[in-house]
Amino acid sequence: VVDIRKLYGNTGAFTYDPGFTSTASCESKITYIDGDQGVLLHRGYPIDQLAEKSSFMEVAYLLMRGELPNPNEYDEFVRTITRHTMIHEQLAMFYRGFRRDAHPMAIMCGVVGALSAFYHDSTDINDPVQRRIASHRLIAKMPTIAAMAYKYSVGQPFLYPDNSLSYTGNFLRMTFGVPAEPYEVDPVIEKAMDKIFILHADHEQNASTSTVRLAGSSGANPFACIAAGIACLWGPAHGGANEAALEMLREIGTPDKIPEYIKRAKDKDDPFRLMGFGHRVYKNYDPRAKVMQKTANEVLAKLGVTDPVFDVARELEHLALNDEYFIEKKLYPNVDFYSGVILSAIGFPTSMFTVLFALARTVGWVAQWNEMIEDPAQKIGRPRQLYTGATARDYVEITNR
Ligand code: ACO
C-alpha cells in the first residue's frame, strides 16, 4: 500500500485517537471526574452532597457562575430564570407541524433549534449581555418546551407556566396538570425530580457536551448549539440509554430470567449489552447511580408502587456485580440504570426520559458553551483524520470505465 502522505512529502506526526479516549479537547473549571474512584465534583463540590442538600436552581447557578450563590444572589437568579419561562406564542404553532406521534426528542431538536428564529436579540455570541440572556432563556424555557412536547404527543392542551411554583414544580404541573382541574405538586416527587435534574446537570466532555462545544466553536448561535447537543444526546449509547434500560428490565420481566440476559451480554457474537451498565469514564460505581437507587426507593415508597421492574433491577445489579465478566471489564450500573424506574413510577412515558435528561443537561451545555466562548485559547474545532482511501490517481472518462 502506498502511503499517500509520503507521496506529498507530508511526514508530520499527529495522534490517532478514535472516540477521544486520551485526547483533551479543552481546559475546563466546571466538572471533575475520577472514573477509577467513582468521583464526580461540580466546581469542587461532590455530586452526592449537591443532590442531597442543594437544589437544581442552585446547581445551575454554581455551574454557570462558578460559586454557590448567597441568598440574595440565589433569589435574583431564580427571579431572572422565572421571568423567561414563557415561550413566544408563535412557537406554540410550530408544534402543530409535527405528526402527533412524533418522538418528543424529534420535537425537541426542532423547537430548540427554532428558538434562534424567535430570539434574534440574544444570538450575538460576542456580546456578553446577549450570551447571558440566551443562557437564561434556554434554562428557563426548556421545561416549558419539554412539557409542551409531552402535551402535544398525548393530545392535551398546552399549559402556560405558573411562575409561583418552583422550577421543577412548574415543570411537573405543565406536564401532568390539565386546565380543567387543580394540580397539587407532591413535594416528595418534586424533590426527587429536582434531584434527578441535579444528577444530570453536567458531566464534563461527554458526547453531547462536546457536540455543543464543537458546534459553538464555529460561532454558531447558542440555540443552534444546544439543539445539536439534544440531537447527539438522543442516541441509545448516550441519553437514550435510560429508555433502553427500562425497556430491557421490562423485557426481562422476572428475576429468574436474568441469568439468560447476563449470558447474552457476555456473548461476543450477540450484539446485546446490558443497558444502564458500563461507562466510558467510570470504571467503578457511578456516584450518580447510588443516589438514583436511593431516590427510587423513596419515590416507590411514597407512591406505594411495588414495581417488579425495580426487583429485577436490584437482582440484576447484584448478579452482574458478582460476575467475572463484569468485574474484569469494570462494568457497573450507570446513572441510567435506575432513573427509568423512578421516572416511570412518576408517570413519564419512556419516550420522555431523554427529554428530561436534555432539560437538565441544558444547564451544563450552557455553562460549557459560555466557558468555551470566554476561553482565549478557543479555536474552531477541527479534528484530524487518518486517511485510508485510494491513493492519488488520474480521472478516467466515463466511457472508458
Ligand atoms: N454489557 C455488556 N458488555 C459491555 C457493556 C454492557 N453494557 N458495556 C461494555 N461492555 C464490554 C464491551 O463489549 C467491551 O468488551 P471487549 O473488551 O471484550 O470488546 C468492553 O466492555 C468495553 O466496552 P466499550 O464499548 O469499548 O466501552 P466504551 O467506553 O466505548 O463504552 C458505553 C461505554 C457506550 C457506555 C458502553 O458501556 C455501553 O454500551 N453501555 C450500555 C449503554 C449505556 O448504558 N449507556 C449509558 C452511558 S451513561 C450516559 O450516557 C449518561
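I will start with helix H8: its buried residues pack against helix H3 (56-65), helix H4 (71-83), helix H7 (128-154) and helix H9 (187-200). This is a predicted model, in which local features need pLDDT of at least 70, side-chain atom pairs count only at pLDDT 80 or more, and totals for chains, interfaces and linings use all residues. Residues are numbered from 1 along each chain as its sequence is written.

Some terms before I go on. Helices (H or I, at least four residues) and strands (E, at least two) are DSSP runs, numbered from the N terminus. Buried means that 20 or more other C-beta atoms lie within 10 Å of the residue's own; exposed means 12 or fewer, partly exposed is in between, and C-beta atoms are placed from the backbone. Contact, touching and packing mean that two C-beta atoms, placed from the backbone, lie within 7 Å.

Back to H8, residues 167-176. Nine of its 10 residues are buried, so the helix is largely enclosed by the rest of the structure. The buried ones are Tyr167, Thr168, Gly169, Asn170, Phe171, Leu172, Arg173, Met174 and Thr175.

Next, the core. A nonpolar core here is a set of buried Ala, Val, Leu, Ile, Met, Phe, Trp, Tyr and Cys residues joined through C-beta atoms within 7 Å. The largest one has 107 residues, and Met108, Val112 and Ile230 have the most contacts inside it. Helix H18 (residues 353-374) supplies the largest share of this core, 13 residues. Which residues does Met108 contact, leaving aside its neighbours within four places in sequence? They are Ile145, Ala146, Ala149, Ile230, Val355 and Ala358. As background, nonpolar side chains in soluble globular proteins tend to be buried together.

Now the sheet. Strands count as paired if DSSP finds at least two bridges between them. Three strands form an open sheet in the order E1-E2-E3, with antiparallel pairing. E1 and E3 are at the edges with a single partner strand each, so one side of each has no neighbour in the sheet.

E1 (residues 31-34) is joined to E2 (residues 39-42) by four bridges, and Ile33 stands opposite Leu40. Four residues separate these two strands in their hairpin, and Gly38 in the turn has a positive phi of about 75 degrees. The covered face of E1 holds Thr31 and Ile33, while Tyr32 and Asp34 are on the uncovered one.

E2 pairs with E3 (residues 45-46) over two bridges. Here His42 stands opposite Tyr45, and Leu41 has Pro46 as its bridge partner. This hairpin has two residues between the strands, and Arg43 takes a positive phi near 50 degrees.

On to the annotated positions. An unreviewed UniProt entry lists His279 and Asp336 under "active site". They span 58 residues in sequence, yet no two of their C-alpha atoms are more than 10.5 Å apart, so they gather at one spot. UniProt positions are in the numbering used here, feature names are shortened, and annotations may be inferred rather than shown by experiment.

Where is His279 found? It is in the loop between helix H13 (258-266) and helix H14 (287-303). His279 is buried, with 24 other C-beta atoms within 10 Å, and touches Asp286 and Asn334, not counting residues up to four places away in sequence. Asp336 lies in helix H17 (residues 336-346) and is also buried, with 28 C-beta neighbours inside 10 Å.

Glu243 belongs to helix H12 (residues 241-252). Glu243 is buried, with 26 other C-beta atoms within 10 Å. Its C-alpha atom is separated by 9.4 Å from that of Gly276, 33 residues apart along the chain. Leaving aside neighbours within four places in sequence, Glu243 contacts Gly340, Thr350, Phe353 and Thr354.

Last, the ligand. There are 17 residues around the ligand, and Ala241, Arg273, Phe277, Gly278 and Arg280 come nearest. To be near, a residue needs its C-beta atom, placed from the backbone, within 6 Å of the molecule or strand. The shell has eight nonpolar, five polar and four charged residues. Ala, Val, Leu, Ile, Met, Phe, Trp, Tyr, Cys and Pro count as nonpolar, Asp, Glu, Lys and Arg as charged, and the others, Gly among them, as polar.
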